[in-house]
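Please look at the sequence and the structure below.

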Amino acid sequence: MQFIANGFIYRKSNSIIHKLDPRVKLLISIQLFTLALLVSDLYNLLIIFVAISIFSLLAKITQRLLRTMIFAAGFSMLILIINYFAGYSLIYSVQIALRFISIVCSTSLFFLVTSPDELEYVLRWFRLPRDLVFAFVTSVRFVPVILMDTLQIMDAQKSRGLELEKGNPIKRIKKFVPILVPLIINEVIRSGELAEAMESRGYGISKKPTSLYSLKLANYDMIVIVITIISFSSIILLGY
Amino acid sequence: MIKFENVNYNHPDGTNALNDINLEIPENSITAIVGNNGAGKTTLVKHINGLLKPTTGTVRIKNEDTRKSSVAELSRNVGMVFQNANHQLFADTVKNEILFGLNNFRFNEEFIKERYDFVIELFKLKKYESISPLKLSGGEKKRVCLASVLAWNPEILILDEPTVGQDELQKTVLLEFINQLHINKKTVIVISHDIEFLWRLQPNIVTMSGGNIVEIGNSEKIFRNEELMNKVGIIPPQIIKIFEGIGIKDEMPLSLEDSCTVIKNLRNS
């Protein structure tokens, strides 16, 4: 589980992609996502994969992105099988499966190179309601914490003889009750404590609180924006 | 006997957590593992019940390699009580929480009933048996966790930070309880930052830092070694600091009561 989760969690790095303005990272991710939705043949999907690979190489996250791919591959296999047995051709089924992987990877790319703080700045820049931004960013920020909690709960229950790997599928699902109950209760308690801690530090007093940081596009960001917009527009105009 | 032979452990992300560990923990002993945060204490004990398997080297319990057994098989003999009680409790009643392990290990009804009655009395939980463990206080939750592990009578008991959230009275109960386990031929391993508690317990001490074992010895030898204490980031027990501070170095009392007796005797002489 940790192996897969690491494919979605941000880690600090000094790569040129990490240094980009978060709005630029979002733009690249949205462009790749849109292209993955629009293109319809294997050749073009392959181009998107190449673009994602170049991006991940520059960001030095190839290994972690591979984990995302492995995660997505499981679901895409299911998509492929369902499509094939629903009467679609094998080529078409493969295309749909690959499209799914591209969509997941382009989304994952953004979260792998964008810190929760940067994510918060971007969402605020879009002038989304502060409470909504806070709730969303906190949930992203707490993913590694919840993952750690899950692993510790699993360890605690395994130490009391719980064998998650044994039994038929229904029995296995039932065995997750001792994992899920403490996990949900812990997170409910934690969210209550967090709310109290936030309120006691003045959260909600001002509708427009000040911020020490603000987003500023550097020349380097502008160059990347121009390159990506030209590439994206060219693909669209050339009829992909 | 628990035996670590040249054990190295790397986390899945590649970071080294244990570095060439060689350690023997004899049967029927009380051992404490101490060290600063991130020293590798919990990682070390997770190898004993098979939650973690060494990257290289071998961990043996009674000469059996832990790699050859599942966590459930090892847990039959190695009970582990985790630091955070909330990570363990899930059942609708205290009774069902305690029965969870006993049912998983498929003991017969007679044994289950006998052990349940024993631990519920031992930890004074009778009045809570039909209420949710989640409604209990921190100290009570910890007692439920201890009871739920001791219920199946494991030969080795690992306690990860057992004194966290416990008041002094509960700590004394825990101390007596660990000593009782020792009398009953159990092997007890305690991870703790509570040096005052460990001084009263007087276990064998394993000091760790940065994934390495720094020193092993009895409590007096370890806690009176100022250089070692600084190295592993531990402050020695207050009794040692006071007695050494006033120049008494031979007779080191274990408790405040003993300290009073020693000081009274000194005054009288």
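Q: How far apart do the C-alpha centres of domain 1 of chain A and domain 2 of chain A lie?
A: This is a predicted model, in which local features need pLDDT of at least 70, side-chain atom pairs count only at pLDDT 80 or more, and totals for chains, interfaces and linings use all residues. Residues are numbered from 1 along each chain as its sequence is written, and chains are lettered from A and ligands numbered from 1 in the order in which they are written. Domain 1 of chain A covers 2-121 + 218-237 and domain 2 covers 142-209, with bounds from an automatic or database domain assignment. The distance between their C-alpha centres is 29 Å.

Q: Which helix supplies the largest share of the side of chain A that touches chain B?
A: The contact (C-beta atoms, placed from the backbone, within 7 Å) takes 18 residues from chain A and 21 residues from chain B. On the side of chain A, α1 (2-5), α8 (143-158) and α10 (177-199) each supply at least two residues; helices are DSSP runs of H or I, at least four residues, numbered from the N terminus. The largest share, six residues, comes from α10(A).

Q: What is the handedness of the crossing of α3(B) and α5(B)?
A: Helix α3 (residues 94-104) of chain B packs against helix α5 (residues 138-150) of chain B at about 35 degrees, with axes 7 Å apart. Axes are lines fitted to C-alpha atoms over the stretch in contact, and angles run from 0 to 180 degrees between N-to-C directions. A crossing is right-handed if the near helix is turned clockwise from the far one by less than a right angle, and left-handed if anticlockwise. The crossing of α3(B) and α5(B) is right-handed.

Technical notes. Two residues are in contact if their C-beta atoms, placed from the backbone, lie within 7 Å.
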